[in-house]
Amino acid sequence: MRDATGYRKSFTPDAARRTNGGSDAACNAILEVDQLTKRFGAVVANECVSFDLAVDEIHALIGPNGAGKSTLVRQITGELRHDAGTIRFRGRDISHLGAADRARLGLARSFQVSSLIAGFSVLQNVMLAILGRTGGHYRVFGRAMTDRSLLEPAVACLERVGLADRRSLPASDLSHGERRKLEIAVALALEPEAFVLDEPMAGMGPEGTRDMTDFFFGLRKAAPILLIEHDMDVVFKLADRVSVLVGGRIIASGPAAEIRQDSKVRAAYLGDDTG
Ligand code: ADP
Ligand code: MG
């Protein structure tokens with residue numbers, strides 16, 4: 001099974017079942033969004049939005065500027081309360097939980113600037129995340145730095161994102177792309193069950209985007225990814241399924257190859273130059 005770009009992983013039976021349009025995916029969904037609605041005064045940012053993220057997929061959410069993608073992400077991660085609808089994660093209703101509790105359950109959101117501490121080293125940033133997970137205290141961080149039970153998993157996280165040889169540098173010395181990888185390493189330290197990535201390629205040049213695309217392709221082995229992305233090359237290289245949000249509503253959802261050919265989607269969003 002490969003998409004039109006020829007860039008495709010080996011498919012699992014679950015993924016193969018999804019080729020019928022994605023309707024069976026709910027049976028192995030880790031994240032289920034049901035009829036979510038959010039208004040800002042008179043502005044309807046999301047209206048009755050439903051979709052799910054399966055345990056083994058990259059699901060891309062695309063749509064023009066102002067479509068409501070970031071609002072949806074913020075509702076899923078718990079930064080913003082929805083007006084109506086339900087969010088289920090790992091089989092439980094998390095609608096009433098705050099962002100910290102959702103993160104503890106394994107919902108990893110990336111690219112919050114605040115997740116990195118610039119003055120700390122690359123390694124210290126990851127160790128701090130592990131310390132937080134295991135209930136350690138910031139006060140004793142100096143002592144914790146020599147603790148092998150923190151050091152070894154932290155180095156392992158850095159190895160997974162290819163930053164182990166940069167471990168001693170201050171986080172502020174990293175390049176833009178490296179900083180994003182460090183944010184992922186910090187997220188990995190929390191042993192996530194799912195990633196939610198809102199425009200992770202923002203600010204990257206073509207080379208950085210190619211590198212990060214390969215990187216996210218590998219990251220899916222760690223956990224499924226809900227990917228909000230406007231670069232269509234990236235979307236169609238990475239995504240198993242694509243949902244299209246226009247004016248706060250999902251107008252199409254299904255396997256990437258189908259969405260690419262969907263005339264409604266092309267008219268509303270992709271234009272005729274994608275092919
Ligand atoms: P996208 O990420 O797809 O570009 P957004 O979710 O950022 O779209 O925005 C969807 C709509 O909601 C837009 O019309 C935007 O102006 C509006 N919106 C987003 N956040 C707020 C807010 N905090 N207050 C008022 N309106 C908002
Ligand atoms: Mg946005």
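The model is predicted.

## Shell around ligand 1

The residues around ligand 1 are F40, V43, A45, P64, N65, G66, A67, G68, K69, S70 and T71. By class, five of these are nonpolar, five are polar and one is charged. Strand β2 (43-54) and helix α2 each supply at least two residues of the shell. The largest share comes from α2, which gives three residues.

Backbone atoms of the protein approach oxygen atoms of the ligand at several points. A polar backbone atom of A67 is 3.2 Å from an oxygen atom of ligand 1, and a polar backbone atom of G68 is 3.0 Å from an oxygen atom of ligand 1. For S70, a backbone N or O atom lies 2.9 Å from an oxygen atom of ligand 1. On its own, ligand 1 has 560 Å² of accessible area, and the protein covers 60% of that.

## Helix α2

Helix α2 spans residues 69-77 and is mostly covered, with seven of its nine residues buried. The buried residues are K69, T71, L72, V73, Q75, I76 and T77. Two of them, K69 and T71, also belong to the residues around ligand 1. Just after the helix, G78 takes a positive phi of about 95°.

## H59 in strand β3

H59 is in strand β3, which runs over residues 58-62. Is H59 buried or exposed? H59 counts as buried because its relative accessibility is 1%, against a cut-off of under 20%.

## V186 in helix α7

V186 is in helix α7 (residues 176-189). Its relative accessible area is 10%, so V186 is buried.

Leaving out residues up to four places away in sequence, V186 touches S115, L116, N125, V126 and A129. V186 and S115 are 71 residues apart along the chain, and their C-alpha atoms are separated by 7.8 Å.

Key: Residues numbered from 1 in each chain as written. Chains lettered and ligands numbered in written order. Predicted model: local features only at pLDDT ≥ 70, side-chain atom pairs only at ≥ 80, totals over all residues. Heavy atoms only, no water. Helix = DSSP H or I, 4+ residues; strand = E, 2+ residues; numbered from the N terminus. Buried < 20%, exposed > 50% of the residue type's maximum accessible area, 1.4 Å probe, protein only. Contact = heavy atoms within 4.5 Å. Near = heavy atom within 4 Å. Polar contact = N/O pair within 3.5 Å; in protein donor to acceptor, adjacent residues only side chain to side chain. Areas by Shrake-Rupley, 256 points an atom, 1.4 Å probe, with all protein chains shown as cover. Nonpolar A, V, L, I, M, F, W, Y, C, P; charged D, E, K, R; others polar.
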